[in-house]
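Student: Could you walk me through the terms used for this structure, one at a time?

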Amino acid sequence: MATKFDTIIIGAGPGGNAAAYALAKQQHVLVIENNLWGGTCPNRGCDPKKMLYSAVEAQDQAHHLQQFGLKGVPEIDWPELMAFKRAYTDQIPSGTLAGLQAANITTVHGQPRFVAADQIQVDQTRYQADHFIIATGQAPVVPEINGHEYLQTSTDFLALPTLPRRIAFIGAGYVALELANIAASAGAEVHILQHNQRILRDFPEDYTQLLSAAMTAKGITFHWDTELTTVTKHDDRYSLATNTTLQLNVDAVFAASGRRPQLASLDLAVAGIAATAKGLTVDDHLRTTNPHVYAVGDVIAKKQPKLTPVASFEGRYVAHTILAATATAIEYPFTPQVVYASPQIAQVGVKLADAKKQPERYQILEQDVTQWYTFNRIKEPTAKVTTIFERADQRLVGAVVYASIAEEVINYLTLLMTQQVTKAQLDQQILAYPSPGSDLGYYYV
């Protein structure tokens, strides 16, 4: 006999938990987790990464203000910084579990697999439900090369007790750039191996070139058109062979060239659930090919950014769909993306490349804002903001920001886009001055 629930959620990360709390108000809910309660983001992803980044931000600010009132740039103490991070992450699993249980949500720790279209098994126990939600997220990909067993991942980096002196990162996406920036700021010699000559291919190239130049000036070495072929261990060091003449000797090498959905152990075929290498196939209600099974978060094959707030948004949407049974198709709000490097780069809405291809539809305002008071006050070396408008009604529909406070500016612009605030309406507001918010009117055409 299988224990019966209304909804079973596989994965206790932000997406799964958002659904669980919403459903638990009206349903008998089970959440199954096979690893750390809370999922990747708070345990070994965006949250601990940004705690390390907090020291980098302070150091960058001090560096920019040298000869402008500050003398001396602080050094990062890696063990102390990691202790600061652990003070937060160590409490996440127990806190997450306690929160779920306090909400009368049943919890099980173990590896689940489907044994029927409406049943799942963990160890020797079966559970049945009217609905399932798969929220298992993604895991780092380790390339199958000679010596792949010596490659570490972002999970390992965020748990380093001591910082290796020489580090190599494979790839030049979000994860590699953010961790490379942290490592270089903390004093490591950092190398990035990239298979082409682009970083962050989803962002405008002129902006990403600014970032790669800034990171190069910080001491990070980019090896373009370079692919790792072999890793050989020599005592406590690693020798890296590539498709070029480059040979590197480092103390640690981290694979950061992609992530893949965590699905292999679920026996999806038993439940009639289709998936590709990019994730679960879902419809516009986030239903899989089994109409009683939904998916949320990074485990979905989708075009939307695979970000924590997107997963939470999807979790709440699916909960509403299950409870109401009449929900409309999911509509995603404007979703900002931020790369936490030095400086930050952020974008939201209509892509700049797409806007440039349709000049009859979009009006683009590109501004170098380095000398604006907001950025000059903190001696920002380079700051740029591009805003994109619908010509028909002058609505703000897209933006790109390059600055140390890009996350703050992009959030303001996202709110203006979501609320469809016009320049005339913004002019009727009084915001604190001088501040990044008081600049907003100048980003309009």
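Predicted model: local features only at pLDDT ≥ 70, side-chain atom pairs only at ≥ 80, totals over all residues.

Student: What makes L200 count as buried?
Tutor: Buried means under 20% relative accessible area, exposed means over 50%, and partly exposed is in between (1.4 Å probe, protein chains only). L200 has 5% relative accessibility, so L200 counts as buried.

Student: And why is D225 called partly exposed?
Tutor: D225 has a relative accessible area of 36%, so partly exposed is the term for D225. D225 is in the loop between strand 10 and strand 11 (228-234), and its phi is near 55°, a positive value in a residue other than glycine.

Student: Why is strand 2 described as largely enclosed?
Tutor: A strand here is a DSSP run of E with at least two residues, a helix is a run of H or I with at least four, and both are numbered from the N terminus. In strand 2 (residues 29-33), 5 of the 5 residues are buried, so the rest of the structure largely encloses this strand. Both faces are covered, with V29, V31 and E33 buried on one side and L30 and I32 on the other.

Student: How do you know that strand 8 and strand 9 pair?
Tutor: Two strands pair if DSSP finds at least two bridges between them. Strand 8 (residues 166-170) and strand 9 (residues 189-193) have 5 bridges, so they pair, and they do so in the parallel sense. One example is R166, whose bridge partner in strand 9 is E189.

Student: What makes strand 10 and strand 14 edge strands?
Tutor: The open sheet has 4 strands in the order 10-9-8-14, with parallel pairing. Strand 10 (221-223) and strand 14 (252-255) each have a single partner strand, so one side of each has no neighbour in the sheet.

Definitions and conventions:
Residues numbered from 1 in each chain as written. Heavy atoms only, no water.
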